[in-house]
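User: I'd like to learn how to read a protein model feature by feature. Could you walk me through this one?

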Amino acid sequence: MQKARLLVAEDEVNLRLVLQKELERMGHEVRTAPDGEAALKALEEEAFDVLLCDINMPRMNGMELLRRVRERPNPPEVIMLTGYATVETAVEAMKLGAYDYLTKPYRIVELDALVRQAAEKRHLRVDNQRLRAQLARQTEAPQIIHASEAMRECLRLVERVAQSDVSVLITGESGTGKELIAHEIHRLSPRREGSFVDLNCAALPSELIESELFGYEAGAFSGAKGRKLGLFELADGGTLFLDEVTELPSQLQSKLLRAIETRSFYRVGGVRKVQVDVRIVAATNRDLEAVVRDGCFRADLLYRINGFEIHLPPLRERREDIEPIARHLLKQLGGPNPPLLTDEALEALKSYHWPGNVRQLRNCLERALILASDGRITVKDLPPEVMGAAKRAPVKSLPPTPVTPAPLHEVERQQILAALERTGWHRGKAAELLGISPSTLYRRLRDYKLLRRI
């Protein structure tokens with residue numbers, strides 16, 4: 001039989017204590033409230049399966065409480081209790097969504113049976129919602145295409161760490177697929193039926209990130225007309241993915257650390273602590289030692305989110321993945337009959353450096369699909385920088401001549417300059433061409449001291 005988490009809203013002290021004692025003896029978890037307002041506060045702090053609600057209470061009567069509870073997302077089932085039953089109140093309660101209606105005096109065995117039935121109904125409703133969400137995630141789950149040993153090792157680590165509840169930090173350059181790995185960790189974890197909620201920490205102004213993460217109460221600031229649940233609450237029981245986590249403003253890092261350590265927080269403008277059960281998966285494309293050394297990121301927060309690190313190698317270090325990824329992307333982008341890659345075009349893709357990694361490869365193929373003709377993608381359909389890589393590629397029949405490769409930072413600097421020149425120094429378009437985020441491009445411009453040429 002289904003046991004339940006109960007909230008008993010009853011203003012008579014003795015009856016309230018008797019209900020609590022007897023229902024706990026039946027195996028239920030019971031919390032009590034002396035009136036409707038106290039019951040609403042309890043519902044804000046934790047989730048319940050069933051609310052036992054007296055109709056006649058001070059400050060807020062049971063009918064108003066029922067009306068307010070049914071407006072909440074995923075509300076508990078409500079059983080109305082009264083010593084003054086009338087047909088009108090019974091009908092009104094059922095219309096408002098009450099599960100059932102009991103008249104005092106009632107036998108505790110009768111109440112226990114009704115509570116278990118109500119709890120089972122709610123659990124079935126919640127399970128149905130989770131199954132629908134799970135099916136949707138499975139249907140939409142993106143494939144992680146790979147052929148390299150480096151990616152096989154990454155996915156092996158994903159399978160191992162997914163079964164635990166440890167925080168995971170995914171590192172790697174922009175465009176390597178860190179979000180796909182985060183989804184895979186969640187999909188393979190015991191939390192797979194819970195929500196996967198993500199936040200790009202570099203995509204929002206610093207003054208908005210706190211309310212996005214932790215929510216806010218009505219009146220917390222100008223324009224806050226009602227309560228808003230934050231991403232921490234929406235991810236309760238599931239996974240919260242913090243992309244570009246090292247871009248969090250410093251004043252928010254201490255609050256995030258506290259929330260992760262205690263699994264609790266205050267909404268903006270709130271005075272009551274909210275408890276949550278959330279797994280943290282974070283990602284960054286920054287050098288971890290550098291951001292801590294420069295004071296941009298708290299070392300204690302890094303240690304907390306970096307319970308287990310998974311590093312994604314850039315595409316240039318796993319060139320055997322380029323061909324299968326390219327063919328997969330063409331099937332995605334080109335419909336049922338995508339154009340074929342010529343051998344020369346494929347060789348150009350394999351020879352290119354890909355500073356923007358898989359994201360840039362996707363952009364490259366989108367462009368090629370527009371230019372392709374006769375069902376074939378040739379070298380001429382590729383961006384100039386990729387065509388140039390094909391021309392520079394060594395002839396296969398000749399042994400390679402030993403050369404001293406250019407430093408990686410210089411190669412990246414030249415790629416950024418080329419993109420800026422092509423777009424007339426439009427930073428947004430250049431970032432898109434490179435397959436990186438604008439914030440990453442701004443950092444690289446600052447790091448390389450690149451100023452617009454006159």
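Analyst: Let's go from the whole chain to a sheet and then to single residues. This is a predicted model, where local features need pLDDT of at least 70, side-chain atom pairs count only at pLDDT 80 or more, and totals for chains, interfaces and linings use all residues. Residues are numbered from 1 along each chain as its sequence is written, and side-chain values use heavy atoms, with hydrogens and water left out.

User: How many helices and strands does the chain have?

Analyst: Helices (H or I, at least four residues) and strands (E, at least two) are DSSP runs, numbered from the N terminus. Here the chain has 19 helices and 14 strands.

User: What share of the residues is buried?

Analyst: Buried means under 20% relative accessible area, exposed means over 50%, and partly exposed is in between (1.4 Å probe, protein chains only). In this chain of 454 residues, 44% are buried.

User: How do I read the order of strands in a sheet?

Analyst: Start with pairing: two strands pair if DSSP finds at least two bridges between them.

User: Which residues are bridge partners of Ile170?

Analyst: In β11, the partner of Ile170 is Ala283; in β12, Ile170 is partnered by Ile310. Contact means heavy atoms within 4.5 Å.

User: What about β11: which residues point which way?

Analyst: Arg279, Val281 and Ala283 point one way from β11, while Ile280, Ala282 and Thr284 point the other way. In this strand (residues 279–284), 6 of its 6 residues are buried. On pairing, β11 has 4 parallel bridges with β6, and another 4 parallel bridges link β11 to β8 (residues 239–243). There, Leu242 has Ala282 as its bridge partner.

User: Now a single residue. Where is Thr176, and what does it touch?

Analyst: Thr176 sits in the loop between β6 (168–171) and α7 (178–187). With a relative accessible area of 5%, Thr176 is buried. Leaving aside residues up to four places away in sequence, Thr176 touches Leu312, Pro313, Pro314, Arg318 and Asn357. A polar atom of the Thr176 side chain also lies 2.8 Å from the backbone oxygen of Glu173.

User: And how should I read a positive phi?

Analyst: Most residues other than glycine have a negative phi. Trp354 has a positive phi of about 50 degrees although it is not a glycine, and Asp374 has a positive phi near 60 degrees. Just after α19, Lys449 also takes a positive phi, of about 50 degrees.

User: Are Trp354 and Asp374 buried or exposed?

Analyst: Trp354, in the loop between α14 (343–351) and α15 (357–371), counts as buried because its relative accessibility is 0%. Asp374 lies in the loop between α15 and β14 (376–377), and counts as exposed because its relative accessibility is 72%.

Key
A polar contact is a pair of N or O atoms within 3.5 Å; within protein, one must be able to donate a hydrogen and the other to accept it, and residues adjacent in sequence count only if both atoms are side-chain atoms.
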